[in-house]
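User: Hi! I have this model open on my screen and would like to walk through it with you. Could you begin with a single residue and build up from there?

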Amino acid sequence: MKKFTKITMIVSLVCIVVGMALMVATGFLGDLYHGLKKLHFGPNGIDIQEFVQLEEGDKEYHDTRIAGNEIRELEISVKAATLKIITDDKRDGITIVDSSEALDVSYFIEEDTLSLYIEKKNKYHVNTSLDDVTLTLMIPEHLRFDELEIDLNAGAMNAEGLAAEEFGLNLNASAVMLNDVEAGTLDVDGNAGALFLNGEVQKELDLSCNAGAMELELKGAYEDFSYEINSKIGEIRVGQYEYSGLSDGVFEEREGSQKKAKLECKAGSVDVRFYE
């Protein structure tokens, strides 16, 4: 009886800790959602002109060109802030457009690697409008990185036209929308986050959803991939097939397929659809 009581107390404590963590994440995501509703999307993706225009009375943007087309690796860290990435065919380098005084922004270049750090100064105040903690990064339209690594903590991101041979995305209590992505390999790790991604994975997809919702629209067909699928209490939908409550996982090696997809969902949902 004492052992049962002890186990019950431990389980209760764990539930309390998880509940508190979810409350904090919900506060962040609620603020992010209200900010994301203000972003502008047309039927063909982001309207670039409307997306970056200034309204009368806003602070003036100032462009800071930080690197040229020689950058092959890009690392970005975002904490309690919003990042917009826009591709522009008129740019010959990577440019930061920063209109917020509420952000700490720093960057470093080592050989062909650019590291960019974005953080809200008062990161514990979650009611600040996302318009006040937004940084816009403009990159050349046809620039394809060898490696692209983006880490978001209680942040938001909106981007179009990103291309990389290796693309890594880590989400912690964050909301992300990516359109027209082109990746050789795509590695996504999500904790209490929301992701929408549209684009092409050319070699390998590795997606882990520990909590939250992930929605992918991939160029191609279900038959293009071989699959390794693991789902605990979460749900995974791939094409017309659904998986949940798996104890041993599903392995499907498709003859002739040149791509691999490893999908894991511990809690939450993953939805992968295909288009030609």
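**A walk through the model**

Analyst: Happy to! Ile109 counts as partly exposed, at 42% relative accessibility; buried means under 20% relative accessible area, exposed over 50% and partly exposed in between, with a 1.4 Å probe and protein chains only. Before going on: this is a predicted model, where local features need pLDDT of at least 70, side-chain atom pairs count only at pLDDT 80 or more, and totals for chains, interfaces and linings use all residues. Residues are numbered from 1 along each chain as its sequence is written, and side-chain values use heavy atoms, leaving out hydrogens and water.

User: Good to know. Where is Ile109, and what does it touch?

Analyst: Ile109 sits in strand 7; strands are DSSP E runs of at least two residues and helices are H or I runs of at least four, numbered from the N terminus. Not counting residues up to four places away in sequence, Ile109 touches Ile66, Ala67, Ile71 and Leu114. A contact means heavy atoms within 4.5 Å. Ile71 is 38 residues from Ile109 along the chain, and their C-alpha atoms are separated by 8.7 Å.

User: Let's follow Leu114, then. Buried or exposed?

Analyst: Leu114 is buried, at 0% relative accessibility, and lies in strand 8. Leaving aside neighbours within four places in sequence, Leu114 has contacts that include Ile66, Ala67, Ile71, Leu74, Ile94 and Phe108. Leu114 and Arg72 are 42 residues apart in sequence, and 8.2 Å apart in space from C-alpha to C-alpha.

User: What sits in the loop between strands 7 and 8?

Analyst: Glu111 has its place in that loop, between strand 7 (103-110) and strand 8 (113-120). Glu111 is exposed, with a relative accessible area of 75%. Its phi is near 55°, a positive value in a residue other than glycine.

User: Interesting phi. What about Ala80?

Analyst: Ala80 has a phi near 50°, again a positive value in a residue other than glycine. Ala80 is found in the loop between strand 4 (73-79) and strand 5 (82-88). Ala80 is buried, with a relative accessible area of 10%.

User: Zooming out, how many helices and strands are there?

Analyst: The protein has two helices and 19 strands. Its chain has 276 residues, and 42% of them count as buried. Of the contacts between residues at least 6 apart in sequence, 58% join residues at least 24 apart. The accessible surface is about 14900 Å², and 50% of that belongs to carbon and sulfur atoms; areas come from the Shrake-Rupley method with a 1.4 Å probe, and for residues only the protein chains shown count as cover.

User: And which residues have the most contacts inside the largest nonpolar core?

Analyst: Leu137 and Phe167 do, in a core of 58 residues. Strand 13 gives the most to this core, with 15 residues. A nonpolar core here is a set of buried Ala, Val, Leu, Ile, Met, Phe, Trp, Tyr and Cys residues joined through side-chain atoms within 4.5 Å. As background, nonpolar side chains tend to be buried together in soluble globular proteins. Beyond four places in sequence, the residues touched by Leu137 include Leu74, Ile76, Leu83, Ile85 and Leu116.

User: Back to strand 13. How far is Ala183 from Phe167?

Analyst: Their C-alpha atoms are 6.1 Å apart in space, and the two residues are 16 apart in sequence. Ala183 lies in strand 13 and is buried, with a relative accessible area of 0%. Among the residues that Ala183 touches are Arg144, Ala164, Phe167 and Val201.

User: Last topic: what lines the second largest pocket?

Analyst: Its lining has 17 residues, with Glu141, Gly161, Ala163, Asp180 and Glu182 nearest the centre. A pocket is an open set of points on a 1 Å grid over the protein atoms alone where a 1.4 Å probe fits, with protein on both sides within 12 Å along at least five of seven lines; lining residues have an atom within 4 Å of a point. Strand 13 (residues 175-219) gives the most to this lining, with six residues.
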